[in-house]
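Hi,

Here is the structure I promised to send over. Have a look first, and my notes follow below.

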Amino acid sequence: MPTESDPLGELGLHTGAVELADGEIPAIRFENVVKQYGSNTVLDGLNFTVRKGDRVTLIGPSGSGKTTILRLVMTLEDSTDGYIFIDGQPLTHIEKDGRRIVLKDKYRFEMRKRIGMVFQQFNLFPNMTVLENIIEAPVHVLGHSKADAITRAHELLEQVGLPDKAKAHPTSLSGGQQQRVAIARCLAMDPEIMLLDEVTSALDPEVVGEVLGILRNIAATTDVTMLIVTHEMQFARDVSNRVLMFDAGRIVEEGSPAEIFDNPQEERTQAFLSAVS
Amino acid sequence: MSDYFETLGRYLPRILDGLLITVELTIGGALLAVVIAIGLGLLARVENFLLRGFARVVIEFFRGTSLVVQLFFLFFVLPLPPFNVNLSPIVVGLIGLGLNYGAYGAEVVRGSINSVPKGQWEATTALSMSNVQRMVRVIFPQAWALMIPSLNNLLIQLLKGTAVVYTITIVDMTAIFNDMRRDTSVFFSYTIALLVYFVIAYVLSTLMGLLERRATAKLGRGIKLHVIPDAKGVAT
C-alpha cells in the first residue's frame, strides 16, 4: 500500500541478503542500481540493504564500485538506473507509472541532511578556521544558534582529541589532525548515516591509528549507521558487523567480518584478501 | 630645458585636473567592471541555457569589439532615434570601460571559480549547503585569491585604456600632455606622460599585490600580513 513514507508501497520487499524484522525499515536500500560513466558500467543492477545502526564495510579491488556507492548515497552523483531508499524514502528518483522520475532539488536537499560523509582528502574549507568549519553547516543549514553550535563544536573537538585547535587554520594542521576535524564537522550535523570514504588512505602510516581510534569510539558510543570503504582490514574487522566483497560492480560475497576474513568462500575474495594483507 | 620645467609648473593645475579625470575613470570603470565581471562570470556557469547563453553573448560581444568603437556608439549613436539616450562623456567613458573590461574579467571570474578543487564543492554538498551558500561562503572566497593576479593585469590595462576617452571629448591627463607638447617638446611632454602613467600603474599594482597577499593569507597560505586591516578594521 503506498503511503507518504513509503510512496512505492514496497517496504519489506528488499532484495538484499539481510533479514528484516516485520515492518522494519532499513537505513539504506539499493534496488537494481546501475551506474555508468559513458560506456563504462561501474554498478550493474546492484541490490543491497543496510539495517539501521549497521556498520557495513565495502571491500574489493579498486574500480569495483565501492566509492561510487558512497557517492550515490551522498548524491554527489546520480545513478543511471534503479532506486535508492534512505529510511524507506526515495533518495533521488521515484518510479511512477513505470517511469523513472527525478525528484526535485528541494526534496533531495532535505534527504541529504540526514547523511554525512568524510572524504579521503579531508576537504576542509581553507578560508575558515577549524571552529568555523565545524559550525558552518549547523548554523547556516540547520539553523542552529551560533552559541549552541560553538558549544557543540568544542565538545566534538574534545572528542576527536583537538580541544586546543579551534582557532587554527586547517592548513596549519597535519593530515591526521585535518581528518579528525573533518570527522567532527561531519558529526556536527548529527547524520543518521555516516559515509567513510577511504578516510585513512591519504594519511601517514603513523597517524592512521589515531583516526581509526576515534572512529572506533564513535562506532562504540553512537548508533549512527556507517557505510565504510577502507583498505584497513583490521579496522573493518573491529568496527563493522557486516562486510561486502565487491568485484566489477557486483557483490561477490558477504558476511560477518569473521566469515569474510577468516573463512572466505569465494576465490576472488581469497585472492583479494591475500593481496592486501 | 629649464623653460620646459617652468611650463610644466604652469600646466600643473590642468595636469592635476586631467589626472583626476584619469583616476576617476580608472577607479569608476574598475568598480563597474568588477561588478559586471562577477555577474557575468557567475551567469556564464549556471545550468539554465538561456541565462548562460545571454552571458556568453555579452562577454563575446564586448571582448570582440573595439573599445573606441564602443565609446563612439554610446556617444554618437545613442542620442539618435530610436534610442534618444543622451549621456555625458564621463558616463559614456565609465560604461564603455566597465563593459569592455568587465567582459574580460568575467572570464577570469569564471575560470577561477572552476579552478577551486572539486573536493571543496563536494564537501559543501555533503554538508547540505545550498547553491548560494556554497558560492558565497566557500567557493568564491577561495576563487577570489586565484583571480586577483589576473584582475590586477586588467586593472593596469584599464588605466592605460582610459586614454582613449579623448576621442569622446573628455579632457583627461593624456589630452593635457598633448596640449603641453606645443609649449615644450614632443619628447619632454610625452616622457612626463609616460612617467605619470607608470607611477599610477605601480601604485595600483602594489595595492593589488597587498590585496592578493591578504587573500592568500586568509586561506592559510603565504606570508601572514600584520599591517593590512581586514574588513572589520582590525589588523590581521
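In which helix of chain B is the place of T26(B)? T26(B) lies in helix α1 of chain B, residues 2-43 (helices are DSSP runs of H or I with at least four residues, strands are runs of E with at least two, both numbered from the N terminus).

A word on the basis: this is a predicted model, where local features need pLDDT of at least 70 and side-chain atom pairs count only at pLDDT 80 or more, while totals for chains, interfaces and linings use all residues. Residues are numbered from 1 along each chain as its sequence is written, chains are lettered from A and ligands numbered from 1 in the order written, and side-chain values use heavy atoms, without hydrogens and water.

T26(B) counts as buried because its relative accessibility is 3% (buried is under 20%, exposed over 50%, partly exposed in between, with a 1.4 Å probe and protein chains only). Beyond its neighbours within four places in sequence, T26(B) has contacts with L155(B), L158(B), L159(B), T162(B) and L204(B) (contact means heavy atoms within 4.5 Å).

Now the interface. There, 25 residues of chain A touch 21 residues of chain B. The rule finds two salt bridges between chain A and chain B (a side-chain nitrogen of Lys or Arg within 4 Å of a carboxyl oxygen of Asp or Glu). R71(A) and E122(B) form a salt bridge through their side chains, at 2.5 Å from N to O. On the side of chain A that touches chain B, α2 (105-112), β8 (115-118) and α3 (130-140) each supply at least two residues.

Best wishes
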